[in-house]
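Biologist: Please show me the model, and then I will ask how each label was reached.

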Amino acid sequence: ELDLDLDLPPPVPAWVEAWSEARLNVAILAVLLSVLTLIFIFQARLARSRLAHKLVRTGFLLVVLFWLGWTANVQLSIVNVMNYMLAPFKHFDIGFYLAEPLMVIIALYTLLSVLLIGRGVFCGWLCPFGALQELLGQVSKALRVPQWNPRPALEKRLWMGKYIAAAAVLILVISEIDGSGATLEI
């Protein structure tokens with residue numbers, strides 16, 4: 001008769017394994033966020049030279065685009081933010097928050113930036129999609145691609161569209177309405 005009653009250690013939670021596997025990327029992100037913090041600390045001095053500011057900003061955006069966006073595949077979005085906000089009301093599990101280490105770190109850094117400097121640094125500095133847009137804008141200006149600059153009145157109306165779209169997404173996520181108009185039950 002075999003005694004299969006082995007005293008095995010409990011399985012390691014998935015989030016612990018994710019953080020262990022992401023050690024190198026976490027270290028790279030820590031360096032990237034440290035550089036960004038230094039940029040903000042010395043932004044007045046950096047802004048004295050347009051060329052230095054442009055080189056630093058463009059270099060940083062290139063790193064964000066290529067490493068953060070295309071290599072590490074980290075893109076914080078409204079979906080992530082809403083999931084973080086709704087998780088405690090559905091099935092609070094610390095593993096849910098910690099499953100994607102780089103996303104967690106960027107979300108916390110962005111939250112801290114809002115609290116400490118009054119604005120989130122994500123959209124202007126850490127968003128790979130925004131970095132791509134800004135870099136393409138720089139390339140198009142260098143290539144003298146015609147730019148469309150709407151009148152201020154039209155621009156103001158267009159600008160409001162993004163807030164209306166964000167509010168609509170927020171309302172849909174909070175109310176959890178699916179395509180048929182019925183409320184989702186979990």
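Modeller: Contact means heavy atoms within 4.5 Å. Among contacts in the protein between residues at least 6 apart in sequence, 69% join residues at least 24 apart. This is a predicted model: local features need pLDDT of at least 70, side-chain atom pairs count only at pLDDT 80 or more, and totals for chains, interfaces and linings use all residues. Residues are numbered from 1 along each chain as its sequence is written, and side-chain values use heavy atoms, with hydrogens and water left out.

Biologist: Why is S113 called buried?

Modeller: Buried means under 20% relative accessible area, exposed over 50%, and partly exposed in between (1.4 Å probe, protein chains only). S113 has 7% relative accessibility, so S113 counts as buried. S113 is located in helix α7. Leaving aside neighbours within four places in sequence, S113 is in contact with G118, R119, G120 and V121.

Biologist: What makes a nonpolar patch on the surface?

Modeller: Like charges are joined within 9 Å, and nonpolar side chains (Val, Leu, Ile, Met, Phe, Trp, Tyr) within 5 Å. L108, L111, L112, L115, L116 and I117 form such a patch, with about 650 Å² of accessible area together. Accessible areas come from the Shrake-Rupley method with a 1.4 Å probe; for residues, only the protein chains shown count as cover.

Biologist: How do you know what span is expected for helix α2?

Modeller: The expected span is 1.5 Å times one less than the number of residues. Helix α2 (residues 23-41) has 19 residues, and its reach of 27 Å from first C-alpha to last is close to the 27 Å expected.

Biologist: Which residues of α2 are buried, and why are they said to be on the same side?

Modeller: The buried ones are V26, L29, L32, L33, L36, I39 and F40. They cover an arc of only 135 degrees around the axis, which puts them on the same side of α2. The arc is that of the directions from the helix axis to the C-beta atoms. On the other side of α2, R23, L24, V31 and I41 are exposed.

Terms used:
Helices (H or I, at least four residues) and strands (E, at least two) are DSSP runs, numbered from the N terminus. Patches are made of residues with over 30% relative accessible area and no salt bridge: like charges are joined within 9 Å, nonpolar side chains (Val, Leu, Ile, Met, Phe, Trp, Tyr) within 5 Å. A salt bridge is a side-chain nitrogen of Lys or Arg within 4 Å of a carboxyl oxygen of Asp or Glu.
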